[in-house]
Amino acid sequence: MSDISRIHLLHAAMVVALVICWFVLPVYHAGNLARIMVFAIYAMGYNLLFGYTGLLSLGHALFFGAGMYGLGLAMHLGGVFAGPGILAGLITALVVSGVVGFLALRTSGVAFMIVTLMFAQAGYLTVLLFGTYTRGDEGFVLPQATRALMGIDLSDAQNRYFAALILFGIVLFFIGWLVRTPFGRCLVAIRENEERARMLGYDITRHKLIAVILSGTISGLSGAAYCLLFGSAQAAFAAVPYSIFPLLYVLLGGMGTTIGPFVGTLFMFYLIDWSGGNMMVAGVVLVALALFAPTGILGEIRRRFTPWLP
Amino acid sequence: MAAVNILETKGLTKTYGGLNANYNIDFTLPRGEIHALIGPNGAGKSTFVGMLSGRIPATRGKVWFDGAEVTRLPAHKRISLGIAYTFQITSVFGKLPVRENVALAVRRILGRDREAVRAKVDGVMERVGLTEQADQLAGDLSYGHQRVLEIAMGLAQNPELFILDEPTQGLALPEVEAFMQLVKDLRGETTILLIEHNMNVVMEVSDSLTVLNNGEVLARGTPEEIRANADVQAAYLGGA
Ligand SMILES: Nc1ncnc2c1ncn2[C@@H]1O[C@H](COP(=O)(O)OP(=O)(O)O)[C@@H](O)[C@H]1O
Ligand SMILES: [Mg+2]
């Protein structure tokens, strides 16, 4: 079997497994899984920039927040339906990531991390500043009646689960496809040896900018989906911890792998859940992973057993 | 119409903190020629080809490629015009397979056509003798094979001008001989600008050569003329 069909099969199997999960898992865990899938979209977006392109951003909460408030405010204040709301979220994230990418890509390395962090902080403060509309830390809730798409009530647990799964599947297949295109391969080349990639005739700046925009927009999709499916927007989602989470998810799951972000998100979620929010336990496990599987769970699996993993 | 000279420079100068690494270099390279660039360490050879490929911005002066001025073009644009460049210090994608290294060079030109890319990659690897190593990681190759891979990545682009910065540095004798054969085979396919320390290679493969010393052109001529040039002997060949 060729690598490409194996990859499609793997991704399809994953989606099927998640469908089955809804029917076999207890309600509590199925609910968690819906949330995990939404955050896994965020992690996949982050992974495109960090894992594949090699650019470490500390400001992705800005893009997540842009999607969340783009949809949230359009629905809450603008009174639009969910469909246009999603579009508003995506466009907001796209524009914000375009501007941030354009400016931040003048720097690299540590400077890039700091600049993205600063932008995200500015975004967070903006949310607080316009508290009259955003209601700041407290946030706002989308009325249940508005959270419907094509007549389907997205506040219903089952509908929510499958909406999250559909979005997750779309993004998973999109990334699986993207990283195998010449464009995606070039991103990996930039990660591995930027100067060599440039001297093969690739426009590095353009590739990086597109990567930031795609990564930011996917992160924004996750933010918008969260707001729509779980019905609330809060400033905390645009704050520093939410820039760090996707980095942890991706490091844990395996940077530069298509399913690593999901695995990392799942793992981290239950790690915190099982340790009863005891960050000590979570910290110890994270350190152990960093020591024994520095390339993450999927990275380690790929190294040992399945070199074809995308 | 294609220009007679594939490459030309006028007054090309690079200054590093008041020191001229290159000073007022006027240079022409006729299409199809195999031209060697020689000179002692620190003469400014790498700086010169860096300014040709766009890797190093020129302090002053102009560069024309195929009749068009490229002085202000960024490196990737010059390369897409048909200049291939290999680094003096081996620079490959160490964590990617050999095949993918070459494919990256090919894909910029052939794009999404997987079959065409595969065929071209196979052809290039066959030509330089890397077929057996195709699935190894480039970083696991021997030093000699990594140098060969660099050359393969250049060849894969079907360049009109192929710039090689000391490709035989650190190679064993049989590898040097294979390299000389490859360059001879490329005659007629592309123009080659070769920085080379090994005088046997220079004398055997090049049509003409330029000697750089202290950032300036000291002499230019056929291998025989350069061999007989007293200045060159004093500066570089050590009176041999
Ligand atoms: N980035 C740089 N900064 C300062 N000086 C440099 C730099 N690159 C090269 N030089 C100097 O320029 C001169 C020419 O270097 P180079 O072009 O590498 O010579 P060659 O390739 O002929 O050995 C040397 O004296 C070198 O020290
Ligand atoms: Mg040099």
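Mentor: Here is a walk through the pockets, then the ligand, then a ring pair beside it in the chain.

Keep in mind that this is a predicted model.

Let's start with the largest pocket, which holds about 1800 Å³ of space. Its lining is made up of 42 residues. Nearest the centre you will find Arg185(A) and Pro307(A) from one chain, along with Leu96(B), Pro97(B) and Glu100(B) from the other. Several helices give two or more residues to this lining: in chain A they are H1 (3–24), H2 (27–52), H8 (182–192) and H14 (296–304), and in chain B they are H3 (98–110) and H4 (114–128). The largest share belongs to H8(A), with five residues. Sorted by class, the lining of the largest pocket has 19 nonpolar, seven polar and 16 charged residues.

Now turn to the second largest pocket, with a volume of about 330 Å³. Around this pocket there are 20 lining residues, and those nearest its centre are Leu62(A), Ala66(A), Gly123(A), Thr126(A) and Val127(A). Three helices of chain A, namely H3 (61–76), H4 (82–104) and H5 (110–129), each supply at least two residues of the lining. H3(A) has the largest share here, seven residues. By class, the lining of the second largest pocket counts 14 nonpolar and six polar residues, with no charged residues.

Next comes ligand 1. The residues surrounding ligand 1 include Tyr16(B), Ala21(B) and Pro40(B), as well as the run Asn41(B), Gly42(B), Ala43(B), Gly44(B), Lys45(B), Ser46(B) and Thr47(B). Helix H1 (residues 45–53) of chain B gives the most to this shell, with three residues. In terms of class, the shell has four nonpolar, five polar and one charged residues.

Look at the oxygen atoms of the ligand. A backbone N or O atom of Gly42(B) lies 2.8 Å from one such oxygen. Lys45(B) places a polar side-chain atom 2.8 Å from an oxygen atom of ligand 1, and for Ser46(B) the distance from a polar side-chain atom to a ligand oxygen is 2.9 Å. On its own, ligand 1 has 560 Å² of accessible area, and the protein covers 55% of that.

Finally, the rings. Over all chains the count comes to 23 aromatic pairs. One of them joins Phe27(B) and Phe48(B), an edge-to-face pair with 5.2 Å centre to centre and 80° between the planes. Phe27(B) lies in strand E2 (residues 19–30) of chain B while Phe48(B) lies in helix H1 of chain B, so this pair ties together parts that are 21 residues apart in sequence.

Definitions and conventions
Residues are numbered from 1 along each chain as its sequence is written. Chains are lettered from A and ligands numbered from 1 in the order in which they are written. This is a predicted model: local features need pLDDT of at least 70, side-chain atom pairs count only at pLDDT 80 or more; totals for chains, interfaces and linings use all residues. Side-chain values use heavy atoms; hydrogens and water are left out. On a 1 Å grid over the protein atoms alone, a cavity is a set of points where a 1.4 Å probe fits but cannot get out, and a pocket is an open set with protein on both sides within 12 Å along at least five of seven lines; lining residues have an atom within 4 Å of a point. Grid points are joined across faces, edges and corners, and a volume is the space filled by probe spheres set on the points. Helices (H or I, at least four residues) and strands (E, at least two) are DSSP runs, numbered from the N terminus. Ala, Val, Leu, Ile, Met, Phe, Trp, Tyr, Cys and Pro count as nonpolar, Asp, Glu, Lys and Arg as charged, and the others, Gly among them, as polar. A residue is near a molecule or strand if one of its heavy atoms lies within 4 Å of it. A polar contact is a pair of N or O atoms within 3.5 Å; within protein, one must be able to donate a hydrogen and the other to accept it, and residues adjacent in sequence count only if both atoms are side-chain atoms. Accessible areas come from the Shrake-Rupley method with a 1.4 Å probe; for residues, only the protein chains shown count as cover. Rings of Phe, Tyr and Trp (its six-membered ring) pair if their centres lie within 6.5 Å; planes under 30 degrees apart count as stacked, over 60 as edge-to-face and the rest as tilted.
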